[in-house]
Amino acid sequence: MKRLATIDLGTNTFLLLISEYNDKLIPILDEQRIPRIGKDIDSKKNIHNDAFYRALEVLDEYKNICKKYEVDKIVAVGTSAIRDAKNKSEFIEFIKTHTNIEVEVLLGEEEALFTYIGGISSLGLDINNKFSVIDIGGGSTEIVIGEGRNIYQKVSLNIGSVRMRERYLLNDPPLESEVKKMDEYINEEISKLQNIDLNNSCLIGVAGTVTTLAMIDLGEKIIKPEKVNGYKLSLSKIKSILNKLKQSTHEEIKSVFHIPEGRADVIFAGVSILVNFMSKFKIDSITTSVGGLRYGIAIREFEKSNL
């Protein structure tokens, strides 16, 4: 059986999945690092030179891990930060030159589709049910609705935890006026989803914002996939956590909630996006999935080839 590595080069986090496939995806190793290549991209529209080297450091480490695990193929995909950057060609060429890894830049709707497939695949749910998957990334938020693999709607919104934090939350902790302006913009974006149908669907959350919320609610100091995967969070509980985060400094968030460096300053913005979304559509709970884009891309690769 061949081994595949899929790498999700996100705005804030680089996620590595090493997997095999035998009628279903079999995860071997999950890793995450936070190089934040999307720092200042909302205002400057370029990936900063320093971020080139932060990305390179993580990808060099990931290549060594892949060698140790005898990976046969590496597939890397870029999302919002790379998609939006004016210098994305230079970044992709830099990564190719220094690591021999080719980065495929996904369109927003492609990112949404494979996030959906990856999100539901790791939960072992009845494939015939109706699902809605939300992925709050650093630069964008993807929402996908489907039944099994039949996708009804897929939308990518230009709101993300890093983008909102850098644009609005300039104080630590944030001022009420900053939070108000951020919420207004988030709701303005969410209002574009006028024709979205979430009725009778199970809402699934993937990526760092939701998995971190599950970790906080469980009282864990680190994310434990076996506990987080499938964990259900109520909107009232999420609002309670949001209120505590709003009143805390970044250092307090790191120490009290055990949120790692690189996520502590953006978690409040990410949770704000989630609360506004769930409130808008009157959704009272969300189920956490440790799957997501890298899982969906792995399934794509295994199914289109004979790895």
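Because the model is predicted, local features are reported where pLDDT is at least 70 and side-chain atom pairs count only at pLDDT 80 or more, while totals for chains, interfaces and linings use all residues. Residues are numbered from 1 along each chain as its sequence is written, and side-chain values use heavy atoms, with hydrogens and water left out.

## Strands and their partners

Helices (H or I, at least four residues) and strands (E, at least two) are DSSP runs, numbered from the N terminus. A residue is called buried under 20% relative accessible area, exposed over 50% and partly exposed in between, with a 1.4 Å probe and protein chains only. Strand β1 (residues 4–9) is largely enclosed by the rest of the structure, because six of its six residues are buried. In a regular strand the side chains alternate between the two faces of the sheet. Both faces of β1 are covered, with L4, T6 and D8 buried on one side and A5, I7 and L9 buried on the other.

Two strands are said to pair if DSSP finds at least two bridges between them. The table lists pairings of this kind.

| Strands | Direction | Bridges | Residues opposite each other |
|---|---|---|---|
| β1 and β2 (residues 14–21) | antiparallel | six bridges | L4 and S19 |
| β1 and β4 (residues 73–78) | parallel | six bridges | L9 and G78 |
| β9 (residues 202–206) and β11 (residues 285–288) | parallel | two bridges | G205 and T288 |
| β10 (residues 232–234) and β11 | antiparallel | three bridges | S234 and S285 |

## A covered helix

Helix α6 (residues 161–168) is mostly covered, since seven of its eight residues are buried. The buried residues of this helix are S161, V162, R163, M164, R165, E166 and Y168.

## Aromatic contacts

Rings of Phe, Tyr and Trp (its six-membered ring) form a pair if their centres lie within 6.5 Å, and planes under 30 degrees apart count as stacked, over 60 as edge-to-face and the rest as tilted. Six aromatic pairs are found in a search of the whole structure. In one of them, the ring centres of F52 and F91 are 5.3 Å apart and the planes stand at 90°, so the pair is edge-to-face. This pair links distant parts of the chain, with F52 in helix α2 (residues 49–68) and F91 in helix α4 (residues 88–99), 39 residues apart. F52 is buried, with a relative accessible area of 8%, and F91 is buried too, at 0% relative accessibility. The rings of F277 and F281 have centres 5.2 Å apart and planes at 55°, so this pair is tilted, and F277 counts as buried at 2% relative accessibility. One aromatic cluster is formed by F52, Y53, F91 and F94.

A charge sits over a ring if NZ of Lys or CZ of Arg is within 6 Å of the ring centre and within 35 degrees of the ring normal. The charged end of R167 sits over the ring of Y185, 4.8 Å from its centre, and the charged end of R300 sits over the ring of F114, 5.3 Å from its centre.

## Empty spaces

Rolling a probe the size of a water molecule over the atoms shows where empty space is left. On a 1 Å grid over the protein atoms alone, a cavity is a set of points where a 1.4 Å probe fits but cannot get out, a pocket is an open set with protein on both sides within 12 Å along at least five of seven lines, and lining residues have an atom within 4 Å of a point. Grid points are joined across faces, edges and corners, and a volume is the space filled by probe spheres set on the points.

The largest pocket holds about 800 Å³ of space. It is lined by 42 residues, of which T13, L15, Q32, G208 and R263 are the closest to its centre. The elements that give two or more residues to this lining are β3 (25–33), β6 (130–136), α8 (208–218) and α13 (293–304), and α8 gives the most, with five residues.

The structure holds one cavity of 30 Å³ or more, and the largest cavity contains about 60 Å³ of space. Its lining includes R165, L169, N171 and H250.
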